[in-house]
Amino acid sequence: MPTRKPYNGSQRKLLIAFDVGTTFSGISYSVLDPGAIPEIFGVTRFPAQQVGDSKIPTVVYYDRKGEVRAVGAEAVQEGIDEIAEDEGWVKAEWFKLHLRPKDLNMEGAIPPLPTNKTAIDIFADFLRYLHTCTKIYIEDSHAAGQDLWSSLENQTHYVLTHPNGWLGLQQSQMKQAAIKAGLVSNAYEADSRISFLTEGEASLNYCVCNGISTEAFKDGRGVIVVDAGSDQSLHTYSVLTPKHLGGGTVDLSAYAQVSALHNTYEEIAIPQCYLKGSVFVTHFAHKFFEGKLKFLRGSRYSDPQQIKLITKVFDTATKLAFRGRIEDPMFIRFGSLADNDEKLNIRRGQLKLSGSTVGEFFEPSIRCMLEAVRSQKQAATKSIHSVFLVGGFSRNDWVFQRLKDGLQPLGISVSRPDGHVSKAVANGAISFYLDHYVNSRIARYTYGNPCSYIFNPNNPEHQVRSGQVYVSASKKRYIKGAFDIILARGTQVSETTEFRRSYWYTKTSREEMTYVKNEVLCYRGTVKDPRWMDVDKDNYVKLCTIEADTTRLSQLVQPQKPTTGKRKNKRLFFELNYDIILSFGLTELKAQIAWTENGQEVRSPARVIYDA
């Protein structure tokens, strides 16, 4: 197990990681004292829990006025459904998935949001609750806990985790929720006090800091981490006996060790994210029950509430008990001895299903994981020999065995870490900040800017786009619609690598030059060297806008006369020259603007703005 270095900061700090899962969430934290080796702690007491656990349900109940009435364990305690029905409360669950990128589409499977509530609203309410729970836990668990919290609350750094498929827009929305929740005061404070991390990288950190991965990374071999949902199946949660079995997403990340001496790692394939976690096993079961029972009109088993009850019992017991023996029947005990219907295989309050039918509910998730590992192995820049299966889904013996059997012919061994896998993401997020194991990542897409070229009438590419020609303030002819590549897909990028591009634009007055905006696009298609945005145009997607104040720079530019055009139209113009500097190797995109002043480079912060 690697030895953690002492904290080298000059001031005491509190570090908190929030792992907001699709169905269950957790919290880890560390108190950083200068010169001391940090420890990672988990919050293991929450309101309405009768037995301590490191996870609570990601559920919020709202009343008719939109006020929060119950959160977490409070929202699943005995009798809460009856209270909610009597009082007209509305449940918000799976709200995290409403932030997902548009290319992760499972509209029919994701519960709708409550009326007049956005995903950011609910995320903020839930973060506020987690923050309060952390405060109470620290105050009650540490000596002089109240003084500890009050002295460090405004020096707290937060790490928020998210699925591998989430990009800058989702991080921006989570940041908005954090501000609304009161974790930080404004966007500028959020930039310095909030970090983001993928669940896949958090899981790697957990494996490394617990000494699980040592053998697998020997001799330069690569490892794939499959985070098959670090949540719990919602209906399996009990305030007395919590059971863990997966969440909403399956995240895959591939890594290799760069230095055994310094214990550093690099991404060796583009991370992947799929909406195929354990909750979708229950979703497919629910669709099956609807198809099986609803056709019996007039039967009480066709009632939506009965189908909901049967689904809940399947999720609570049957799904957990299934071990892949397709020849053995499975039973869903949902009713009393008086419940009998031979046509539906209901006898003495139990719905009988064949083992093969239950296996079909699992099959999409298992097939997805097998195909995704094969794809990652093929794309990886290092040879893959091991898979670490983490998260609640890894507890299912049959899923684990299916993956072992399916990947063994490829020379890949599958293992699952022992211990508290439900804490893997939250603890791994703290380790990310403390240990910094990963220092190089893979570009997920090709990134660049829309730009214009000086028109060359002899260039065939320019000739076919002559309709895109325009005349600038300098009276030069330009052709628009070009794509300037900043970073190509699949490129290995270290955290310290900067990507710089030079830009200029012309205006007729300095007053028009006090602010610059540059769009950054990502190209998601298959063209290897995309240069024109009218080719495969549907795969160009706006990532963000880089905005910067250039008031100081605008005062340095001098008026110029056009060198072309009619003499009487030679109005003076100004040309602003600057560089955009982007850092893609971090877990969050960072930007700066730079220019030359008196022979020296000057840099200024730039904002990264994402459109909803």
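This is a predicted model: local features need pLDDT of at least 70, side-chain atom pairs count only at pLDDT 80 or more; totals for chains, interfaces and linings use all residues.
**Domains and cores**

The domain assignment divides the protein into domain 1 (13-197), domain 2 (213-416) and domain 3 (445-610). Between the C-alpha centres of domain 1 and domain 2 the distance is 25 Å.

The largest nonpolar core holds 52 residues, and within this core Phe 18 and Leu 127 touch the most other members. Helix H2 (residues 119-141) supplies the largest share of this core, namely 12 residues. At least three residues of the core come from each of domain 1 (13-197) and domain 2 (213-416). When neighbours within four places in sequence are left aside, Leu 127 is in contact with Phe 18, Val 20, Leu 160, Met 174, Ala 177, Ala 178, Ala 181 and Leu 183. Apart from this core lies another one, made of 46 residues, including Phe 289, Met 330, Leu 344 and Met 369. As general background, nonpolar side chains in soluble globular proteins tend to be buried together.

Helix H2 also contains Lys 135. The relative accessible area of Lys 135 is 31%, and Lys 135 is therefore classed as partly exposed, since that class lies between the limits of 20% and 50%. Lys 135 and Arg 465 are separated by 330 residues in sequence and, from C-alpha to C-alpha, by 61 Å in space.

Strand S26 (residues 540-549) pairs with S30 in the antiparallel sense over three bridges, and Arg 607 in S30 has Glu 547 standing opposite.

**The three-stranded sheet**

A further open sheet has three strands in the order S14-S16-S15, again with antiparallel pairing. Its edge strands are strand S14 (330-333) and strand S15 (346-347), and each of these pairs on one side only. The antiparallel pairs for which bridges and facing residues can be named, across the two sheets, are set out below.

| Strand pair | Bridges | Residues standing opposite |
|---|---|---|
| S26 and S30 | three | Glu 547 and Arg 607 |
| S15 and S16 | two | Ile 346 and Leu 351 |
| S14 and S16 | four | Arg 333 and Gln 350 |

Strand S16 covers residues 350-353. The hairpin of S15 and S16 has two residues between the strands, and in this hairpin Arg 348 takes a positive phi near 50°. Helix H8 (residues 304-321) lies across S14 and S16, and this helix runs at about 140° to S14.

The side chain of Arg 4 makes a polar contact with the side chain of Asp 435 at 2.8 Å. Not counting residues up to four places away in sequence, Arg 4 touches Ile 37, Pro 38, Ile 40, Cys 209, Ser 431, Leu 434 and Asp 435.

Ser 30 belongs to strand S2 (residues 24-32). With a relative accessible area of 0%, Ser 30 is buried. The side chain of Ser 30 reaches the backbone oxygen of Glu 39 at a distance of 2.7 Å. Leaving aside neighbours within four places in sequence, Ser 30 is in contact with Lys 13, Leu 14, Leu 15, Pro 38, Glu 39, Ile 430 and Leu 434.

Conventions: Residues are numbered from 1 along each chain as its sequence is written. Side-chain values use heavy atoms; hydrogens and water are left out. A nonpolar core is a set of buried Ala, Val, Leu, Ile, Met, Phe, Trp, Tyr and Cys residues joined through side-chain atoms within 4.5 Å. Buried means under 20% relative accessible area, exposed over 50%, partly exposed in between (1.4 Å probe, protein chains only). Domain bounds come from an automatic or database domain assignment. Contact means heavy atoms within 4.5 Å. Two strands pair if DSSP finds at least two bridges between them. Axes are lines fitted to C-alpha atoms, for helices over the stretch in contact, and angles run from 0 to 180 degrees between N-to-C directions. A polar contact is a pair of N or O atoms within 3.5 Å; within protein, one must be able to donate a hydrogen and the other to accept it, and residues adjacent in sequence count only if both atoms are side-chain atoms.
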